[in-house]
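These are my notebook entries on a structure that I consulted for the first time. I set down what I looked up, entry by entry.

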Amino acid sequence: MSAPAGLPPRPAGPAAAGYPGGPGASREAAAPQAGPPGYQNGPVQNWMHLPSGYGSHPPSYSAPSGHYSQVPSKAAASHLDDQYRASYYPPYYSAPAQNALTPSVATSVLHTQESQQFYHKTTPQTVGSAEGPTQGAISSASYLITSAQQSYSAFGNHYSTSVSSSVASQGFPLNSDHYTMPVVSGAMYPHVSYPVAAGSVYGQAFTSQSLPAVGQFKETNTFSTQSTSVPHSLQQRVPVGYNSTISNVSAQPVQDNLSRNLTGSVAKVNNQINTAIDSSSTTSSASPVLNNYDALEGGGYPETRSVTSSPVPAPAVPQTSKASKPFGYGYPTLQPGYQNAAPPAPVQPSNLGHHPGFQHYPQQYPSVNQLSSSLGGLSLQHSQQPESLRPVNLTQDRNILPVSSVPAPVPNLNSDLRKLNCSPDSFRCTLTNIPQTQALLNKAKLPLGLLLHPFRDLTQLPVITSSTIVRCRSCRTYINPFVSFIDQRRWKCNLCYRVNDVPEEFMYNPLTRSYGEPHKRPEVQNSTVEFIASSDYMLRPPQPAVYLFVLDVSHNAVEAGYLAIVCQSLLENLDKLPGDSRTRIGFITFDSTVQFYNLQEGLSQPQMLIVSDIDDIFLPTPDSLLVNLHESRELIKDLLNALPNMFTNTRETHSALGPALQAAFKLMSPTGGRVSVFQTQLPSLGAGLLHSREDPNQRSSTKVVQHLGPATDFYKKLALDCSGQQTAVDLFLLSSQYSDLASLACISKYSAGCIYYYPSFHRSHNPAQAEKLQKDLKRYLTRKIGFEAVMRIRCTKGLSIHTFHGNFFVRSTDLLSLANVNPDAGFAVQMSIEESLTDTSLVCFQTALLYTSSKGERRIRVHTLCLPVVSSLTDVYAGADVQAIVCLLANMAVDRSVSSSLSDARDALVNAVVDSLAAYMATASNLQQSMLMAPNSLKLFPLYVLALLKQKAFRTGTSTRLDDRVYAMCQMKSQPLVHLMKMIHPNLYRIDKLIDESTIHVNDRVVPQPPLQKLSAEKLTREGAFLMDCGSIFYIWIGKNCDNNFIKDVLGYPNYASVPQKMTQLPEVDALSSERTRSFISWLRDSRPLSPVLQVIKDENPAKTDFFQHLIEDRTEAAFSYYEFLLNIQQQICK
Amino acid sequence: MKLHPVVARCFSGCAACHVLGEGIFLCMGRSNKRVQEIIAFDELQSDFKNPIDQRNPVHARERLRNIERICFLLQKLVLPEYSIHSLFCIMFLCAQEWLTLGLNVPLLFYHFWRYFRCPADGSKLAYDPPAVMNADTLIYCQKEAWCKLAFYLLSFFYYLYCMIYTLVSS
């Protein structure tokens, strides 16, 4: 890209401070000239003309415009026409072929004149749009425009688009945004995505995201009405613009890609928009309606969603200007380093016209696409380099933690694509700028992969009922917002580039009840949609919800007292179990024998059937063990009430888990469903018996940690059998001693189940664990569930997936078989770049999850993520998503420690940091080599890796029970990113002064927002109280000299000494500080599905060690402090 | 004991002839196995073109069985192949066919490494049903199968040549 063409290295110091005096001055000069006309003309006028300039791109503009007005009456004809085209022209090249179809005799003179004419019209328009907020931005824009004009004759077709991209690169995002977007949607109509134009229809979906968005939609709508009112001027202009395109572009097969990219890079939103959106989205997620989704399940489009207020043009204007302000002003607030570093980049393209060096350009960029990507890259550097690439001196910067939680980096796309993009909560990539080649990826030394949370609970989800689900005919991609419509009847797949027909049904938009607007369908307006699949997607009828509970009732289990909790939770949630009238339920208990329960309707009480032949297990009465929940409700209740007391006097200490599981498998195999296994000790009888492998003396060994892998493959084989019968096994391990989780976990790992582990569980001795089990069970029993699911991950041609992480069975190279899918399951995927991505500027990833809902419907949930491709190493670093990288590395490290050894995995983690920072420092040659520098995007990388090394899964030297370690590893493989990050790096807040903190309002509650504290004992003062959020547990640590008022108000005790040891709840005291603390904690709780347990810790508390182990920046006997770790890294880099 | 040079040469020639002849047969056998493996991998990789079909749960079961079946087949093939090859190397050693032995020793070591390195839970090398469909594992196994096939074919012709050469020259 243009880095060789004189992109100056990013100045690190104030050396380049002189810059604004140079080109900047000329920009200032240009401003007054261009400014006034903009005001006189007014935007409306310009909008009518501008589209024609853009109209030069759509290859067959006039044809579709014919369709546009006439389609309803001429549907059949147009269909024929369509078929003809599709069959006649090779799909890949049909865009140019179309060009050839139309008579194209364009003289370049005419072409130039025409577009220059457009051009002049563009100028005032842009300026007009920029009115107000930023003078600098206006002037820069006009400056660019004038210069680009001169380069025009050589640049030919992508004239207008390239200008728009450089305008964008000047970084006044939303201004240009507002005005160019309507243009795109209006004029490039048949060509590109229309996201925003149609936004108003679905405005509802975005309202929770950000207010400005709504403003934009309205704006857009105004425009479209205007454009339709002046069709004449449009049509006159079109042919000319069109012809001119042909002469230049006809050789571009991926032309629409180009234009997409260019218009794509139109608007850059700087970091402020991110934070704006983030904060508002957290506010909205503060009240997730977890299972309310079932309300949506009813059918097509819930009317509420389409009840957007009909857009009124008038109020849109003030809103727009209001929205644009922060962005305009955002620019100057950036770091000084930014301004120094960035400006040279965008000047390059704009200077082309003046420069004698301009002549080189055509040779250097033989293809328009390359050019486009280079322009995209430039604009990217300009807008993003500053914040995410600003070098941070790690050893000197002590406060690298952000004030609030770390936001996911936003891909560097134009704002309409960005708005359409999938939420980072469900779909995240480790590199938000995808490197062009594998070589570049190797140079960056960062892992490329995806972090998925596909079945997340969503509050807003468009559900689509349609008899035909539109998919690409060759790669079977679902239609998504990032496809391009070549004309009204055809769309081009964004993954394999095949051109497909738009089926007749798709032309009709059920939301607006209008015809001929395929681009406004919800499928094309939302990157996360759910289809209700037709009968094509099933051969057997969808399975009913079937739940089987396998309970350990040996002496050990009865002693621990879990049965009462489980039965109680089940009784409470029996009605909330997801399912329909066909729901079935069954129970098996086991000690040294296996007991079945006949719950057949009509019996007066449940009947226990004992099978003691555990070597050859059989089902005593196959039909009546799994019963309909509604028909046998009374019997089930009787059983649940009786179960806890049935085994109180048992002396049986053995546990025949293996045979019980075999029985469960036999029972479930006709239908499939979910098996929940509760186990409290090492299985000691029958198939799958295990022996203790842990040597307690080795718990704190620094060298070898053995037995991370399974001891037997019995559980794995059984899990595969279960998976084949669409049965998932969820394991609840509640044990006080070693129970070989490494082997037992296999039963869930390969059958797509989930694993819960409660070390040293005891109902009365360990109330924290008991409460946790209760809460987990409540969530577990009531959460959504998908049966017989498969998940396929597709990605743009050139990328390939090579390793999956999570709980599932890999059925094909891109297909995961999930017997059950639950909303708390996360997945990770490693990818490689097989073919160079030079001819594309965007890559897309699509996850499709097909499952049977608990209501017996076959549904497909589709997520699509779109990311830009970059060609320079700095851009790759700019787009690095440090949280995703760390989570993917954690997954890889787990694999490594099982297949090789723990020390190997630890070394690999350290090497990942060392390599990537070394590679970064090598690219930024102007950095001082003696310091440890990291780009801003990766500044938390060493901290997170250190946290990983001190995490239970990977730590050495600190006494860690083998089961704890294995459980932590299982969690890493199966938790979604958000939860995993809390596990790796907990959040620490100071809570004794919440009244003084800034607050946000969520659902009429005042939620204080204390800043994040470093995880270091230096932050803990004896005078304070601190809350540590570890994901599944909250610790409240109270200092010895903590204010008595706080203890009295919040904890409800008179002084520090009287606070009890085992305190798991905060009392409701009528005091401001209490109210704030509680609202803060409940706000934290609401953001996650599993409600965490609270633990109050005083200095003498035994749980203190747990708390202090999470202070990962401190030194322990066995591990580095953060600073030492940095020095260690620096040493290794210098080696 | 020292044999008469002529007798010794004759003996070694005979032995070499025998060994090489056996080698040819076994080679054919092994090539056959490799072909079988390659076919198996192809079968593993070949996806059913109709995705609707593939997503149907009934099909899922078939597919899973298929993968398991192929994996177990492959696992069954591993030990015989390795032991035959080791036997070979021992015979070459006895027949003092140093060059042939030299050619085979790297593969022998590879086999040893691969056999004893397999972790219990089966990583990429053990044809583990849950892991084998990960693209990198599958590609690795496929490449390995192709390379071995090439090696066995080449050695087949080499043994043939050697055998004829020994027959003719003695």
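This is a predicted model: local features need pLDDT of at least 70, side-chain atom pairs count only at pLDDT 80 or more; totals for chains, interfaces and linings use all residues.

I located L79(B) in helix α3 (residues 57-94) of chain B; helices are DSSP runs of H or I with at least four residues, strands are runs of E with at least two, and both are numbered from the N terminus. I noted that L79(B) is partly exposed at 45% relative accessibility; buried means under 20% relative accessible area, exposed over 50%, and partly exposed in between, with a 1.4 Å probe and protein chains only. Together with F109(B), F112(B), Y115(B) and F116(B), L79(B) makes a nonpolar surface patch of about 570 Å². Helix α4 (residues 98-117) of chain B gives the largest share of this patch, four residues. A patch takes residues with over 30% relative accessible area and no salt bridge, joining like charges within 9 Å and nonpolar side chains (Val, Leu, Ile, Met, Phe, Trp, Tyr) within 5 Å. The areas come from the Shrake-Rupley method with a 1.4 Å probe, and for residues only the protein chains shown count as cover.

Residues are numbered from 1 along each chain as its sequence is written, chains are lettered from A and ligands numbered from 1 in the order in which they are written, and side-chain values use heavy atoms, with hydrogens and water left out.

I looked up strand β17 (residues 673-679) of chain A and found seven of its seven residues buried, so the strand is largely enclosed by the rest of the structure. Strand β12 (residues 546-552) of chain A runs parallel to β17(A) and is joined to it by five bridges; strands pair if DSSP finds at least two bridges between them. In this pairing, L551(A) has F678(A) as its bridge partner. I also noted that F678(A) belongs to an aromatic cluster with Y562(A), F732(A), Y756(A) and Y780(A); rings of Phe, Tyr and Trp (its six-membered ring) pair if their centres lie within 6.5 Å, and planes under 30 degrees apart count as stacked, over 60 as edge-to-face and the rest as tilted.

Strand β18 (residues 727-733) of chain A is parallel to β17(A) as well, with seven bridges between them. The chain passes from β17(A) through helix α29 (residues 714-724) of chain A to β18(A) in a right-handed β-α-β crossover, that is, clockwise from the first strand over the helix to the second with the strands pointing away from the viewer.

I found a salt bridge between D881(A) and R428(A) at 2.7 Å, N to O; the term requires a side-chain nitrogen of Lys or Arg within 4 Å of a carboxyl oxygen of Asp or Glu. The two residues lie 453 residues apart, R428(A) being in strand β2 (residues 427-429) of chain A. D881(A) is buried at 1% relative accessibility, and R428(A) is buried at 8%.

I then looked up R779(A) and D457(A), whose closest N and O atoms are 2.9 Å apart in a salt bridge. R779(A) is buried at 6%, and D457(A) is buried at 17%.
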